[in-house]
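Here is a short tour for anyone meeting this structure for the first time. Have a look at it below, then read on.

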Amino acid sequence: MLVTINGEARTLAATLSLEALLGELGIDHRKVAIERNLEIVPKSAYGVIQVGDGDKLEIVHFIGGGAPGADALVDGDPLVVAGRRFHSRLLVGTGKYKDFEETAVAIKASGAEIVTVAVRRVNLSDPSKPMLVDYVSPKEYTFLPNTAGCFTAADAVRTLRLAREAGGWDLVKLEVLGDQKSLYPDMVETLQAAGELIKDGFQVMVYCTDDPIMAKRLEDMGCAAIMPLGAPIGSGLGIQNPVNIRLIIEQAKVPVLVDAGVGTASDAAIAMELGCDGVLMNTAIAEAKDPIAMARAMRLAVEAGRLAYLSGRMPKKRYADPSSPLAGLI
């Protein structure tokens, strides 16, 4: 019997259930989700459904979870997304680090409670190879499944449905990219995917352009958070259009978080001083010379920027204004 598993043709000597197939491959069924002929298979059916000749199977990593008890950490200024409260306004990605151990240490140093994770195929040649969840526990952090690498609405929706089956998590980050060079969001596909996901019960945090009209449309559709790019993904250029970011913030009734383009701590502070509710970053930390130190710097920058925004900056003036009183001069 010939089947295709994660794009590889394989011959099975006998008919097997999906559960038996996973056992034969050495894969822990608790850490994966399965798609059979483009249909997601519930975990409860793994022992019942038989693999048939010509079946096409996708087996992807388990990526779901939450952070029970996180409310105990919340102070008087929490980040609230889709009804959930978080102490940290810094969200971090889990890619580009040299290994999972460095990933875990950097995330801890950042103080982040929400971490983005991608859905990828299980390594069939070495199923015992460590997975992210072996180092970054979904019991300690809120996992935010994303659609990194998706260029169509259909692929994005399919990916997040698999993520929900793997971990049961409905809070997701949607990004649909336009091309591989700029990684700029394709807003036509993004709007389509957002509509489908919202109808399907997902709470969608959406990566988008810094166009206030598009941002408002996504909010009106029911997105849980708007995430305009500060600059192209991985560029480290900082916020290139602060005026538009501020316009998006002023009209929004849901959280606005800068997503992409942050290069150093001052970029994160600027985003927060503009009034953003949070910042999401990955490359700025992972590709720093010292990722652990940079993670801590980003944590402090986000906290400082938020405090500065709440404090209210002094007005800008054209002329000098002495800080010491002139009355009583000798």
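## Thr-283 and its surroundings

Let's begin with Thr-283, which touches Lys-96, Gly-234 and Ala-288, leaving aside residues up to four places away in sequence; contact here means heavy atoms within 4.5 Å. With Lys-96, the side chain of Thr-283 makes a polar contact of 2.8 Å. A polar contact is a pair of N or O atoms within 3.5 Å; within protein, one must be able to donate a hydrogen and the other to accept it, and residues adjacent in sequence count only if both atoms are side-chain atoms.

Thr-283 sits in helix α8 (residues 283-286). Helices (H or I, at least four residues) and strands (E, at least two) are DSSP runs, numbered from the N terminus. Is Thr-283 buried or exposed? Its relative accessible area is 14%, so Thr-283 is buried. Buried means under 20% relative accessible area, exposed over 50%, and partly exposed in between (1.4 Å probe, protein chains only).

Before going further, note that this is a predicted model: local features need pLDDT of at least 70, side-chain atom pairs count only at pLDDT 80 or more, and totals for chains, interfaces and linings use all residues. Residues are numbered from 1 along each chain as its sequence is written, and side-chain values use heavy atoms, with hydrogens and water left out.

## The annotated binding site

Thr-283 also turns up in the UniProt record, where an unreviewed entry places the feature "binding site" at Gly-234, Ala-260, Gly-261, Asn-282 and Thr-283. They are spread over 50 residues of sequence, yet they cluster in space, with a largest C-alpha distance of 9.5 Å. UniProt positions are given in the numbering used here, feature names are shortened, and annotations may be inferred rather than shown by experiment.

Ala-260 is found in the loop between β14 and α7. At 10% relative accessibility, Ala-260 counts as buried. Leaving out residues up to four places away in sequence, Ala-260 touches Tyr-207, Leu-229, Gly-230, Ala-231, Pro-232, Ile-233 and Leu-280.

## The annotated active site

The unreviewed UniProt entry puts the feature "active site" at Lys-173. Lys-173 belongs to strand β11 (residues 171-174). This lysine counts as buried because its relative accessibility is 5%. Beyond four places away in sequence, Lys-173 has a list of contacts that includes Asn-146, Met-205, Tyr-207, Asp-259 and Leu-280.

## Helix α7

Which residues of helix α7 (residues 265-273) are buried? They are Ala-265, Asp-267, Ala-268, Ala-269, Ala-271 and Met-272. These buried residues pack against β14 (257-259), β15 (278-281) and α9 (291-311). Just after α7, Gly-275 takes a positive phi of about 110°.

## Two domains

Zooming out, the chain divides into domain 1 (2-61) and domain 2 (79-311), with bounds that come from an automatic or database domain assignment. Their centres, taken over C-alpha atoms, are 31 Å apart. In the interface, 22 residues of domain 1 are in contact with 14 residues of domain 2. The two domains bury about 1800 Å² between them, 63% of it on carbon and sulfur atoms; buried area is the accessible area (1.4 Å probe) that two parts lose on being put together, summed over both.

One salt bridge is found across this interface, that is, a side-chain nitrogen of Lys or Arg within 4 Å of a carboxyl oxygen of Asp or Glu. On domain 1, β2 (8-11), β3 (32-36), β4 (39-41) and β5 (56-61) each supply at least two residues of the side that touches domain 2.
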